[in-house]
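Please consult the sequence and the model alongside the points below.

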Amino acid sequence: MLLKKRSFYILFLPALVVLIGVAIFPFFACINNSLRFYDLTNPAKGTPYIGGTNYRLLFEDGRFWHSLLVTFYFVIFGVAVQLVLGYLMASLLNGVEKGSLVLPFFLIPMVMTPVVVGLTWRLMYDHILGILNYFIRLIGMTPQPWLGTESLALFSIILTDVWEWTPLIFLILYSGMKALPTEPYEAATIDGASIWQVLYRITLPLLKPVILVAILLRAIDAFKWFDTIYIMTSGGPGVATESASIYSYMIAFNFFNIGKGSAFSIIMIILVNIFCMIFIKIIPEKEVA
Amino acid sequence: MADLAAKTGTYDIFLLDGWQTARYARAGYVAPLDDLLANKKSKYYCEDFAPIFLDALRYEGKLWGLPYYGHVGILMYRKDQFTEKGIDVPKTTDDLMNAAAKLTDKANNKFGMAMRAVKGEDNPIISTSWTWVFGGQWLDKDMKPGVTSPEFIKGATWFTDLLKNYGPPDVSRYSWLEVQNTFVTGNTSIIFDASDFIGRIEDPTLSQIVGKIGYALAPAGPFGPITERYPSHLFTAGMAINADSKNVDASWLFLQWMTSKDIQMRTMMEGGNTGIASLSAIASDEYSKTYPGIPVILEALKLANPNYMPHVPEYPELCEAIGTQISRAVTGEITAEEAMKTAYDEMYKVMDQAGYYKK
């Protein structure tokens, strides 16, 4: 090592201080709060320790489980569709010469402010005034209450997410494809491999680490997805689109029950961590390097 | 909220939601105004606040804020369509249902009635105005949830049926904005909502139906005439003083000035605030000339009752339980009765955890 031990610690210190400030201290404060009765609108009761009561109340709450289920729908279906679409778009553009010229247009949804995305889609989904139903009427089909029924609302919300975040997966895969070596493809062409063989035997295995990273990033994002849902449905109709982030936000900042809200976020941290650990195990280390 | 809880007193004055008065007053974050009102009244004080708005800001007999904004529920309908179809202004909830049925033409995207049914606070303020005129109440006298009483379920069924059958198909996500949109674009014939909607629906730059709007008091429910129970749809925003404020006298003076009749008139004329709280300002010529619905609003202000929803600190949680379930019932996915059973369980849990049922 070039650096001596002491200088290593000195150089490491700023990062450590920042990390303690923004991540480590809040994390332990959150654990601490989750074990207390802590209601901002009931200061007379103080903030006594109540053991695992906040956790027990959550586990007994059907809405808590439902919000986790909704979240998993988002993670599984949302990311799956985004992956397929992103992959198709990337390979399409990869085959075009000077394809990177149109690249910025693909990225517009991703760089839009989520609140603007939410408001725009909320209006587009409107039954009477919305542009989606306008086109549906034009081609003579029945207009749909996009955000008005429970099953359709879930679908519509995921559709918006797909629109917004497919570009990210596309971008990651596209750059991954650009970096692929050309020799295997030349060899495959000479050997007369079919398109499918090239896809399964060469492209996918070579792209695997990139794909896994893309999935990981998007899945973590989808897990804590809040902004557009809050704008479009705030979890409704009923609880159909109420994800874990929406419900925990409601507990902590509408009901001001900081104790229960903290317990909720601790559970979410644990779930995301389990997911990440499994996922990182799947990615073979030498391929990542 | 964080600032109030930290008791810094940084902000002297804040806006207080009438329905959350109980919550903030119990927490000790708001200063009661009764002493100030009795001893330190200034010339700015508006003597003719609509009494109902003051009542909405009372909790445990004390006044916690001065009304800055408020509204009650009135019926707004399309005069032209009523005449065309020979419909009289509804006098009972049954009349309203029939009128909505006659005005609905789903094939052409014309709907009879729209009200807010989105989950959250919007919906219970309206939907339980109606369950109330059916005789239902949020909490019974033992503070147990009253939402599974036959009267409440009848009211909730009426409300959800009306919207399910004669409202826009995605009405379960309608908030005030969507209700206004569907009305001013001529797609829905009747709305029951806040009296301050007049500002938007009578504005020719924002509304396509100016001159065609009729105003009426909401119809009576099975419980009795509207003099007894009126679907109030009440909301008030009050200006309140932080309990930790170090400048109470100055704050009190500002509060009176900000809610004075003069300033109310100015926010109305220059700022387009149609939810003003002074009776004489509402009745003023300037206001009446611009907005034809004023006599109805003044009448509704006398009839509305601030007790159709409970003034308890647990209001937000209870509100969420009822609102979410009514919204579900409006989608048609479950019946109003099933929805109210779920709401009962959630409300019971909230009240139980808050310690209401300990022996």
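In chain A, helix α3 (residues 62–94) and helix α8 (residues 150–178) have axes that come within 6 Å and cross at roughly 45°. The model is predicted. In chain B, 4 strands form an open sheet.

**Helix packing in chain A**

- Two packed helices are described by the angle between their axes and the distance between the axes.
- The crossing of α3(A) and α8(A) is right-handed.
- Where α3(A) meets α8(A), the residues of the contact comprise 21 nonpolar, 6 polar and 2 charged.

**The sheet in chain B**

- The strand order in the sheet of chain B is β6-β7-β5-β8, and the pairing is mixed.
- Strands β6 (111–114) and β8 (213–216) of chain B are the edge strands, each pairing on one side only.
- From one strand to the next, the twist averages 20°.
- Strands β5 (residues 73–78) and β7 (residues 188–194) of chain B run antiparallel and are joined by 5 bridges.
- B:Ile74 has B:Asp193 as its bridge partner in β7(B).

**A helix against the sheet**

- Helix α15 (residues 294–303) of chain B packs on the sheet, where it touches β5 and β8 of chain B.
- The direction of α15 of chain B makes about 150° with that of β5(B).

How values were computed: Residues numbered from 1 in each chain as written. Chains lettered and ligands numbered in written order. Predicted model: local features only at pLDDT ≥ 70, side-chain atom pairs only at ≥ 80, totals over all residues. Heavy atoms only, no water. Axes fitted to C-alpha atoms, helices over the stretch in contact; angles between N-to-C directions. Helix = DSSP H or I, 4+ residues; strand = E, 2+ residues; numbered from the N terminus. Left-handed = near helix turned anticlockwise from the far one by under 90°. Nonpolar A, V, L, I, M, F, W, Y, C, P; charged D, E, K, R; others polar. Pairing = 2+ DSSP bridges. Contact = heavy atoms within 4.5 Å.
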